Amino acid sequence: MLPKFGITDGIPPKLTKWFQTVRAKDPTFAKIYDEVRGGIAAWESNGRWDTIHMAGLRDSDDPSTIFTKIINREIPSDIVYEDE
């Protein structure tokens, strides 16, 4: 879904490397990935997203979810692990 929003570099490098390795070495994973990507491409080319309310819209600049508030450290939390 990230490319749907114009985000092509939003995935951390380690996760990208893992994904590419799994896709190259696991034929079942690659098959499922290709089927899902094909389905999404078909929806895109047929304008199917347009029929689903709010599909493909990005969150506003100020989403008021609890997760965003935790990430922005507006709500106290215990960080167990933090990556890039």
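**Helices and aromatic contacts in a predicted chain**

At 60% relative accessibility, K14 counts as exposed, where exposed denotes over 50% relative accessible area, buried under 20% and partly exposed the range in between (1.4 Å probe, protein chains only). The place of K14 is in helix 1. The C-alpha atoms of K14 and E84 are separated by 9.9 Å, although the two residues are 70 residues apart along the chain.

The structure is a predicted model, in which local features need pLDDT of at least 70 and side-chain atom pairs count only at pLDDT 80 or more, whereas totals for chains, interfaces and linings use all residues. Residues are numbered from 1 along each chain as its sequence is written, and side-chain values use heavy atoms, with hydrogens and water left out.

The chain contains three helices and zero strands; helices (H or I, at least four residues) and strands (E, at least two) are DSSP runs, numbered from the N terminus. From the N terminus on, the order of the elements is α-α-α. Of the 84 residues in the chain, 4% are buried. The chain exposes about 7600 Å², of which carbon and sulfur atoms supply 57%; accessible areas come from the Shrake-Rupley method with a 1.4 Å probe, and for residues only the protein chains shown count as cover.

Aromatic contacts were examined next. A pair of aromatic rings is described by the distance of the centres and the angle of the planes. Rings of Phe, Tyr and Trp (its six-membered ring) pair if their centres lie within 6.5 Å; planes under 30 degrees apart count as stacked, over 60 as edge-to-face and the rest as tilted. By this rule, the count comes to three aromatic pairs. The ring centres of W18 and F29 are 6.4 Å apart and the planes stand at 75°, so this pair is edge-to-face. Because W18 lies in helix 1 (residues 13-25) and F29 in helix 2 (residues 27-45), the pair ties together parts that are eleven residues apart in sequence. W18 is partly exposed, at 48% relative accessibility, and F29 is likewise partly exposed, at 26%.

F29 also forms an edge-to-face aromatic pair with F19, with 5.6 Å centre to centre and 70° between the planes. F19 lies in helix 1 and F29 in helix 2, so this pair ties together parts that are ten residues apart in sequence. With a relative accessible area of 26%, F19 is partly exposed. Together with Y33, the residues W18, F19 and F29 form one aromatic cluster.
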